[in-house]
Amino acid sequence: MWEVFKILDSFKDIFEKYYSKIYRQIALIINDDDNAQDIAQEVFIKLIKNPPHSDENIGGWLSKVAINQALNFIRSEKNLKSRELKVSQFNDDLISPEDIAIEKIEIDKVRKVLSKMDRRDMLCLVLKHSGYNYEEISISLGIKKSSVGTTVARAHKKFKELYEKEV
């Protein structure tokens, strides 16, 4: 019986450590906050039902599952272009409608540029800016840890070039 409590405590620790990273990663990939929450929960259900063989790098494993789940969601969408960015309700006193519009335009530009990038480079940037370390990125994308820094730098450069063309 004590083993069950150890497992639950361990899962709770893992969930608290990685949920926000997994959620942000999925939200950036699918461009849908509500569904990103559902998919993030599915990732952790997969962890419970079918844990990795080794818990050596659980962050990388969760990231890889999250990427696969997000890509499966996109594939299942019938019309990807028809989805719109959902803007959370903001207090009119705190954020003006103009600020919301400007932020939406910037987010749309970033997502448009990311969609033009090579899949590996796009995922590399999403993972890096979601807070993953090089080892976790390496495992998630199946590249050498020693290559991650170079891949990130090249992806940043490519993103900057494409972004400047958009502006």
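The structure considered here is a predicted model, in which local features need pLDDT of at least 70, side-chain atom pairs count only at pLDDT 80 or more, and totals for chains, interfaces and linings use all residues. Residues are numbered from 1 along each chain as its sequence is written, and side-chain values use heavy atoms, without hydrogens and water.

The protein has seven helices and zero strands (DSSP runs of H or I with at least four residues, and of E with at least two, numbered from the N terminus). Along the sequence this gives the pattern α-α-α-α-α-α-α. Of the 167 residues, 35% are buried (under 20% relative accessible area, 1.4 Å probe, protein chains only). The accessible surface is about 11,100 Å², with 53% of it belonging to carbon and sulfur atoms (Shrake-Rupley method, 1.4 Å probe). Among contacts (heavy atoms within 4.5 Å) between residues at least 6 apart in sequence, 63% join residues at least 24 apart.

The axes of H3 (residues 58–76) and H5 (residues 119–129) come within 12 Å and cross at roughly 125° (lines fitted to C-alpha atoms over the stretch in contact, with angles from 0 to 180 degrees between N-to-C directions). H3 and H5 are therefore oblique to each other. Ser-63, Ile-67 and Leu-71 of H3 meet Arg-119, Leu-123 and Leu-127 of H5 in this contact. By class, the contact residues are four nonpolar, one polar and one charged (Ala, Val, Leu, Ile, Met, Phe, Trp, Tyr, Cys and Pro count as nonpolar, Asp, Glu, Lys and Arg as charged, and the others, Gly among them, as polar).

Methods. Parallel < 35°, antiparallel > 145°, perpendicular 65-115°, else oblique. Buried < 20%, exposed > 50% of the residue type's maximum accessible area, 1.4 Å probe, protein only.
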